[in-house]
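Reader: Could you walk me through how to read the cavities, pockets and chain contacts here?
Author: Gladly; let's look at it together.

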Amino acid sequence: MTGQLPVLQVLLPLLGAPLCALLRSRVAAWLLFLLAALGSFGCAVLLAQRVATAGTQRYSVGGWTAPVGIEFVIDDFNTPVLLLVSLIATVVAVFSRRSLAAEVAAKRVPLVYACLCLVLAGMLGIAVTGDAFNAFVFLEIMSLASYALIAMGRRRRALLAAFRYLVVGSVGAVFVLIGIGLAYAVTGTLNMADLAQRLGGLHGNRALYAAVVFVFIGLAVKMAVFPLHAWLPDAYAQAPSAVSVLLSATATKVAIYALLRFAFTVFSATLVFGVMPIGRIGALLAVLAMLIGSAVACFQTDLKYLLAWSSIAQIGYIVAGISLATTAGVSAAYLHVINHAVTKAALFAAAGLLVLRLGSTRLDDLAGFGRRMPWTFAAVVVAGLGLVGVPPTAGFVSKWALATALLERGQWPVLAAMLVGSLLALVYVGRIVEVGWFREPSLVTVMNRPPVSMVAAIWFLVLLSVYFGLDPTLPSSLADAAAAALLSDGGE
Amino acid sequence: MIGSHYVYWLTFALMMIGLYVVISHGNLIKKLIGLSLFQVAVFLFYISLGKVDGGTAPIITEGTQTYSHPLPHVLILTAIVVGVATLAVGLALVVRLFESYGSLEEDEILRRDTTDRDGVAS
C-alpha cells in the first residue's frame, strides 16, 4: 500500500474531478475536494518522512521501468513543493465553501470543484514526475483547469482575463513542448535522469541550446517572469476569491519548481549558467520585476490588482535567488517560494472575506474597513508586513537569506534593487493601512457575520507565516535540503 | 543543410506563421486559428523526428526490416488531445465573451469594458 503513495496522491484529486462534475451536489463536491486535498497532504507527509529516512523514492507507473516507462521520483527537492501545494489546497478547501457559494452561481459550483481537483492533480503531477513529456501533460492539465476557473469570476472582464491567459499560456506550454522535442531529438530519451546523463556529452550542440531557450521561455510565461507577466494581474484579480488564493500561492510556484528541475537536473547548471548566459539574463529580469512590479502595485486602485502586481515583484526576488546558481541562492529562492506562498494566500483570502462582506475590493470602497473589521484588518497588516519583510514575519527570513546569498557573490546592484523593491512594498502596504484605518468609513454596508471557516483559514495562514518568521527551522531545513539535492546531482 | 533538413525549416516556418497570427490579429477566433496552426506545426515537427530513412509504418509485417520510430507518434497523440482541449476551452470562452460584450474584436471588447468596468458576465 505505502509503495503506491507517489501515484496515489496524484490520483486522488484526478479521480475526484469527474466525481465532482457527475454528482452535481455542492456539498458532495466540496467534501470530495476537501478529502482529495487532505488525502494528498497525508500522502505528502508520509512521503516526506520516507524520503527523510530512506532517501529518494522511485515509482514506475504501470510497472514499466524507466527509461521506457514513466517514472515518478520523490526526493528532497520536490517534497517541500508537495507539502506546500497540498497544504494550501486543504486550506483553500476549508475557505472555499462559503466564499464560492457567495461568488459563483449555484449550478456551477460543483464544476468549480471539479476544476480545482484538476488543478491540484496537475500541480502535484508536475512536482512528482520524472519524465519530461509527462511534465508537459500535467502542466497543460493544470493550465486548462485554471483557465476555466478564472472564467468563473463574477465580472465579464474575467472572461477576457481567462482568454488572454489561455492564448499566452498555450503558447508558453507549446514552447515547452518544442524544447522537450528538441532535447528528445538530440538524445532519444524523455526520462529526466536519462536526459541529464546523455546531455552531459552534448554541450556545444545548437539544437540543445535551442531546447534550453524554448523550455525556459515557456516556463517563464507560466511563472510570470517580468516581461511575460501581462496575463497575471487580470487573471488573479478577476478570478473568484478561492481560486485567486490557490493560484497565487501555488501555480507560479510549481512553474518555478519545474524551471529549477529542468535547469539543474536535466540541462545541468554547467550548461545553463556556465555556457549560456541564463544567470545574467535572470538577474536583469529579476531587478526589473522587483522595481516595476512594486512600483505599479503602488498605483493600483483595487486591492486584488495591488496584490497581483506585488506577486510579480515577489517572483523577481525568487528569480534573483535562482540566477545566482549557488546553494545559498537556490535555498533562499526556495525559502521565499514557501514563505511568499503562505503570505500571499493569506492576503488573497482576506481579500475574499472583504468581497463577501463589503461586496468589493476597490480601495475607495474599503475606506475605514479596519475600524469595522479589526480582525480582518489585523490579518491584512500582519501578512502585508510579511510582503515588506519586517522582522518577526516569514518574509524577513527569506529576504535576509536572499540578501546574504547576493552578498556572497557581490551582486550589489541586485541587492540595491531588492531594497528599493522592499521600500516600495512598504508604500503599497502603507496605502492599504491608510485606506483601511485612517479614512472615514464612507458607505453604509451590510455587516453580516464572517463565516467561521473563512476566518479560520485566513488566521491559519497568517499565523503560519508568523510562525515561519519566528522559528524558521522547518522551512529552512526543507529549502536547504532541496538546494543541496539539486546542486549535488545536477551541477557543481 | 537546408536540403537535408528542409522538413524542419518548413515546420518552424509554419510555427512562426501561427505565432504571428496570434500576435497580429485582434479577432479572438483568428487568434485561436493562429494558436491551432502553431500547435499543429509542433505536432508535425515531432512526427518528422520519428521518420527513419526507408522505414515503413511501425506495424510488424513480413519482409520489412526498417520501421519508423513510433514513440514520437504516440506522444503527439497525447499532445493532439491537449490541443483539442485547449481549442475547446478557448472557443467556449469566446462564446461567453460574445454573449457578454457583443463583439469578437479585442479592441472593441476593451473599449466596452472601460465604459462599464463592473459589467457582469452573462
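Reader: Which residues lie nearest the centre of the largest cavity?
Author: First the idea: on a 1 Å grid over the protein atoms alone, a cavity is a set of points where a 1.4 Å probe fits but cannot get out, and lining residues have an atom within 4 Å of a point. Here 15 residues line the largest cavity, and A:Arg154, A:Arg155, A:Ala237, A:Gln238 and A:Lys304 lie nearest its centre. This is a predicted model, where local features need pLDDT of at least 70 and side-chain atom pairs count only at pLDDT 80 or more, while totals for chains, interfaces and linings use all residues. Residues are numbered from 1 along each chain as its sequence is written, chains are lettered from A and ligands numbered from 1 in the order in which they are written, and side-chain values use heavy atoms, leaving out hydrogens and water.

Reader: What is the volume of the largest cavity, and which elements supply its lining?
Author: A volume is the space filled by probe spheres set on the grid points, which are joined across faces, edges and corners. For the largest cavity that gives about 150 Å³. Helices are DSSP runs (H or I, at least four residues), numbered from the N terminus; α9 and α13 (303–324) of chain A each supply at least two lining residues.

Reader: How many cavities does the structure hold in total?
Author: There are six of 30 Å³ or more.

Reader: How should I read a pocket, and what is the volume of the largest one?
Author: A pocket is an open set of points with protein on both sides within 12 Å along at least five of seven lines. The largest pocket has a volume of about 790 Å³. Among its 30 lining residues, A:Arg164, A:Val168, A:Ala230, A:Trp231 and A:Asp234 are closest to the centre. α6 of chain A gives the most to this lining, with eight residues.

Reader: How many residues are in contact between chain A and chain B?
Author: Contact means heavy atoms within 4.5 Å. By that rule, 34 residues of chain A touch 42 of chain B.

Reader: And how many salt bridges are there between chain A and chain B?
Author: A salt bridge is a side-chain nitrogen of Lys or Arg within 4 Å of a carboxyl oxygen of Asp or Glu. The count between the two chains is two. One of them joins A:Arg157 and B:Asp113 (2.6 Å, N to O).
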